[in-house]
Amino acid sequence: MKKESNLKRLLEYAGGYKYLTIASWILSALSALVALLPFVYIWKVIKEVLDAAPNYGEVQDLSHNGWMAVVFAVAAILIYIAALICSHLAAFRVQANMRTKAMHHIVALPMGFMDGIGSGKVRKTVYESSAATETYLAHQLPDKANALATPVGLIVLLLIFDWRLGLLSLLPVAAAFVIMSVMTGKRMAKKMEEYNNALGQMSNEAVEYVRGISVVKTFGQSVFSFRRFKEAIDNYEKWVIAYTKDLRFPMMCYTTLVNGIFAVLVAAALVMTSGGVTNEFLLDLMYYIIITPIITLTLTKIMYASENKLIVADAMSRIDSILEMEPLPETDYPKHPKDNSVELSGVSFRYKDAERNALENISLTIRPGEHVAFVGPSGGGKTTLASIVARFWDVRDGSVKIGGVNVKDIPKEELMDTVSFVFQDSKLMKTSILENVRMAKPDASREEILKALHDAQCDDILEKLPQGVDTVVGAKGVYLSGGEQQRISIARVMLKNAPILILDEATAFADPDNEAKVQAAFSVLAKGKTVLMIAHRLSTVTGADRIVVIKDGKIEDTGTHGQLKDKDGLYAEMWRQYNKAAKWKVGVSNA
């Protein structure tokens, strides 16, 4: 099946506004033809002056021809403005519809999607790629219609007065057009893809670097401590320099040719007038020298339109890379959990492009209301195990059940109402604290939100803020510490009041004061709920009903803290190392 052109797909995004796009092309082309008419009247002005010389007082139609040139010039400008108004209205609708479609699709993708592709790359794809289409539709396409219509009128004007000078004017144009075709062909399309890949990678790594800048400053490190970001910058630099050098010579030839048409005309005139100069030839030569800069402008518009077409093709490809990602399948026969138990049976899972499974044949049953902690070495699969319970991804083998129902058979909205998360890196929106908490339950009253904040130990935060719960967080408001953001996130989860709670290193970055308050909030939050807790700090899991030790994607052991610490195994060794590290102090010399 023949693939739809990018232009046709863009017009589909425009909906009813596509007719404005078509109107913009027609108006722009008409503007180009009308813009050539002043040159006809300029030719008449020059002819009148030359014919009357030296008796310039005999000139009769000079004023009329001059004003006609002005009228058509103004008319061309007004028609072009109308074309741009039409194209911009359609372009803004395309950009908005494209972003809306992409974001609706992203919402439907597995929750682990963002971890796999990177937030910086997603932002660039959705916003910058759609912005590229706006520039193309609003400016480049009308300019291209204008540039394509101009040669039609120009050829007539160039050949109608002196065909010899007209053909000579077109020779450099033909050579420049060949060079332009080489620069904007398939090879350029490949280069454009490489450019956007390098730029996308650098953008993604920049986001990750900024997120970790506090750690860099704390430990006095430089940008080189973020090796991947530095490598992304270096790769982009190498690509840009190589690409610039590659196009240096053809671009120099192209620029010389399109800007040197007048030189060809002057040289030809010297040869053609060796036997003498007539007023008619001088008139035509002056006219051609005046009009040929339009050729330069026209070719430049075509070149930039061709380059932007490649940018749009790459942008559409990147948008498609998101739209082609399959959402998790939804069942036609939904079922509802009977309680808040969790059961994993023979579960195996592998991330995309990974060489081995992140989880291998995991079987585990968690009773309703049981508090279970997952511990083990970093990279062992703890977070992955908790994530598949909430169906961040679908398992490769086996099944995950909540309340006796496979998570694949639970409607997405109901599953999200059943499971809540508290991550180590909590995110707040740039809006008021009230609205941040209300996100968990849009119809919640102010009193419900204030109670959730109280239970989450947030009273001290609200007391010090200028507008209390109505204080805006972010660039236009106040900034909160990591521990304070965490407590507000807990308030959000409390308001949601889901029966299953997942805590992923929720106190990892909290200072001692905030950690105590976060733990107090957890004690209220966890009452009557099934809790899956992921922790490296073993002191936080000693009170769990059960501890599951995970290593290399497999369950090494299970039991209570008392059972496991006295048992020869991985947990006992981790507990010894943890206590050893906790008792370690920096030595002070008495010298």
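Q: Among contacts between residues at least 6 apart in sequence, what percentage join residues at least 24 apart?
A: For this protein it is 77%, where contact means heavy atoms within 4.5 Å. Keep in mind that this is a predicted model, where local features need pLDDT of at least 70, side-chain atom pairs count only at pLDDT 80 or more, and totals for chains, interfaces and linings use all residues. Residues are numbered from 1 along each chain as its sequence is written, and side-chain values use heavy atoms, with hydrogens and water left out.

Q: Thanks! How many helices and strands are there?
A: The protein has 21 helices and ten strands. They are DSSP runs numbered from the N terminus, with helices being H or I of at least four residues and strands E of at least two.

Q: And what share of the residues is buried?
A: Of the 591 residues, 44% are buried. Buried means under 20% relative accessible area, exposed means over 50%, and partly exposed is in between, using a 1.4 Å probe and protein chains only.

Q: Let's go to the start of the chain. At what angle do helix 1 and helix 3 pack?
A: Helix 1 (residues 6-14) and helix 3 (residues 62-108) pack at about 90°, and their axes are 8 Å apart. The axes are lines fitted to C-alpha atoms, for helices over the stretch in contact, and angles run from 0 to 180 degrees between N-to-C directions. The two helices therefore count as roughly perpendicular, the class for 65 to 115 degrees; under 35 is roughly parallel, over 145 roughly antiparallel, and the rest oblique.

Q: Which residues meet there?
A: Helix 1 brings Leu10, Tyr13 and Ala14, and helix 3 brings Arg93, Val94, Asn97, Met98 and Lys101. By class, this contact has five nonpolar, one polar and two charged residues. Here Ala, Val, Leu, Ile, Met, Phe, Trp, Tyr, Cys and Pro count as nonpolar, Asp, Glu, Lys and Arg as charged, and the others, Gly among them, as polar.

Q: What about Ile42, where is that?
A: Ile42 sits in helix 2 (residues 18-52) and is partly exposed at 29% relative accessibility.

Q: Switching to charges: how many salt bridges does the structure hold?
A: It holds 13, a salt bridge being a side-chain nitrogen of Lys or Arg within 4 Å of a carboxyl oxygen of Asp or Glu. One of them pairs Asp470 with Arg446, with the closest N and O atoms 2.8 Å apart. That pair links distant parts of the chain, 24 residues apart: Asp470 is in the loop between helix 17 (459-464) and helix 18 (482-496), and Arg446 is in helix 16 (residues 446-455).

Q: Is Asp470 buried, exposed or partly exposed, and what about Arg446?
A: Asp470 is partly exposed at 35% relative accessible area, and Arg446 is partly exposed at 34%.

Q: What does Lys464 pair with?
A: Lys464 forms a salt bridge with Glu484, the closest N and O atoms being 2.4 Å apart. This pair also links distant parts of the chain, from helix 17 to helix 18, 20 residues apart. Lys464 is exposed at 54%, whereas Glu484 is buried at 9%. Elsewhere, salt bridges that share partners join Arg367, Glu370 and Arg546 into one network.

Q: Where is Ser420, and what does it touch?
A: Ser420 is in strand 6 (residues 419-423) and is buried at 2% relative accessible area. Not counting residues up to four places away in sequence, Ser420 touches Val493, Lys496, Ala498, Ile500, Leu501 and Ile502.

Q: What is phi at Asn497?
A: Phi of Asn497 is positive, about 55°, although the residue is not a glycine. Asn497 is in the loop between helix 18 and strand 7 (500-504). Gln457 also has a positive phi, near 65°, and is in the loop between helix 16 and helix 17. Most residues other than glycine have a negative phi.

Q: Last one: which side chain makes a polar contact with that of His561?
A: The partner is Tyr571, at 2.7 Å. A polar contact is a pair of N or O atoms within 3.5 Å; within protein, one must be able to donate a hydrogen and the other to accept it, and residues adjacent in sequence count only if both atoms are side-chain atoms. His561 is in helix 20 (residues 561-565) and is buried at 11% relative accessibility.
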